[in-house]
Amino acid sequence: MSAQAPRRNFLADGLAQIGDAGLFLPALLAALPRSFRYFRETVRQLWFVGAMSLTIIMTCGLFVGMVLALQLYHVLSIFGGTSSTGTVVALAVFRELGPVVTALLFAGRAGTSITAEIGLMRATDQLSAMEMMAVDPMAYVATPRFLAGIIAMPLLCSVFSLLAILGGHLVGVTWLGIDNGTFWSNMTANVDVWKDVIDGMLWKGLAFGGVVSLIAVHQGYTTPPTSEGVAYATTRTVVASSIAILAIDFVLTAFLM
Amino acid sequence: MTQRRSYAVGTGLFIVLGFLALAYLATQTTSLANFDEGSTYDLKARFTNIGQLKDRAPVKMAGVRIGSVKSIQFENDKLDALVTISVDKRFDQIPDDSSAAVLTSGLLGDQYIGIQPGGSPQNLKNGDTFILTQSAMQLEDLIGKFLVNGNGDKKSGDADSASKPAPDAGQ
């Protein structure tokens with residue numbers, strides 16, 4: 001009995017978190033018009049979650065592209081198809097790896113700091129203090145971070161994909177000796193701008209940005225006001241974001257294909 | 001104030017960089033890079049079988065890409081496939097007795113339309129139709145023919161061996 005009770009709690013807890021986050025979203029959107037007054041705050045958050053994430057996104061993108069080209073070159077050489085390395089790198093990056101890996105990195109780099117920051121504001125009663133000063137914390141703290149995440153993710157996805165393709169080019173063409181023209185012409189012949197770049201990368205990036213930011217802001221906003229609570233909330237942001245990203249990725253892929 | 005300006009500039013740079021990356025990806029790594037808009041003319045070709053030919057498949061002459069497949073329709077009255085191809089306006093010297101064939105790049109590659117030039121002094125114009133066409137080579141048909149021929153050879157071989165003893169018997 002005692003073994004079953006935590007499991008039921010876990011399930012109910014998870015469902016409650018999902019429902020709570022779902023109810024939190026309309027509150028965020030309702031605060032959107034009021035948050036335009038704090039436009040500078042949105043810009044500052046965009047700088048923090050977007051521009052400051054560029055280093056890790058670019059480094060990881062480069063290495064993902066490089067390892068992808070290296071792996072594919074050896075597999076494709078079995079079939080004599082090394083000329084399509086560029087195509088496969090581009091398609092894999094646009095459709096899956098670009099948005100998903102960027103979103104996972106984004107959850108780890110930006111999501112956690114959003115949760116920790118808002119959680120600490122909650123724990124130290126800064127949010128209540130704002131309310132006392134007639135500053136709506138939803139409009140000043142929550143919505144700018146949510147908005148910044150949604151704007152930043154597609155841009156980060158683009159940068160990640162670009163670096164991944166350049167990394168693939170570096171390994172495939174410069175090191176393994178695939179012909180430069182073949183690499184690009186096969187890619188341009190098989191990658192479609194709507195199906196792969198817009199549907200595959202941009203929409204997914206937007207969706208992941210929204211989901212990760214929502215989870216991060218919600219977890220921070222509703223954290224128990226203790227140091228332990230903030231720690232748990234930060235962990236839950238990463239866990240819930242990762243699961244949500246991969247699950248939504250499957251659903252989106254099924255719909256967009 | 002300087003602090004504020006520095007992050008505003010950083011954010012602006014980030015947004016510009018993101019959109020530049022997106023623009024580069026959208027125009028340089030996709031089929032948009034091969035687009036020559038407005039400067040094409042259409043030709044038609046009828047095939048009894050197009051195999052796995054798809055829209056936007058390349059059209060090649062002497063192995064060089066000169067255009068792409070615009071549309072593929074089934075013609076109800078003629079019971080064949082009408083393929084409309086758009087060819088770059090720069091390549092307007094295709095003789096009107098040229099033939100179009102559905103070919104495969106490599107053994108298992110994608111299919112494309114290859115044009116064999118003829119010798120006519122007249123050139124194909126917008127809306128013209130190829131008179132000579134060659135349908136896609138179906139691997140299954142080839143295997144089928146090979147199997148049938150193999151059996152046929154065996155049979156004729158049997159017939160030979162059967163007919164051979166006959167003269168012996170006659171002697």
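Helices and strands here are DSSP runs, a helix having at least four residues and a strand at least two, numbered from the N terminus. The model on your screen is predicted.

Stop 1: Now colour by burial. Of the 171 residues of chain B, 21% count as buried.

**Stop 2: the sheet.** Select the strands of chain B. Eight of them form an open sheet with mixed pairing. Walk across in the order β7-β1-β4-β3-β2-β6-β5-β8. Which strands sit at the edges? They are β7 (129-130) and β8 (132-134) of chain B, and each pairs on one side only.

**Stop 3: one strand pair.** Select residues 40-47 of chain B, which make up strand β1. Zoom in on Asp42(B): its bridge partner in β4(B) is Ser86(B).

**Stop 4: contacts along the chain.** Show the contacts within chain B. Take those between residues at least 6 apart in sequence: 63% of them join residues at least 24 apart.

**Stop 5: where chain B meets chain A.** Show both chains. Here 22 residues of chain B are in contact with 23 residues of chain A. Which element of chain B gives the most to this side? Select helix α1 (residues 2-28) of chain B: this helix gives the most, with 15 residues. Next, colour the side of chain B that touches chain A by residue type. Its residues divide into 15 nonpolar, seven polar and no charged.

Notes:
Residues numbered from 1 in each chain as written. Chains lettered and ligands numbered in written order. Predicted model: local features only at pLDDT ≥ 70, side-chain atom pairs only at ≥ 80, totals over all residues. Buried ≥ 20, exposed ≤ 12 C-beta atoms within 10 Å, placed from the backbone. Contact = placed C-beta atoms within 7 Å. Nonpolar A, V, L, I, M, F, W, Y, C, P; charged D, E, K, R; others polar. Pairing = 2+ DSSP bridges.
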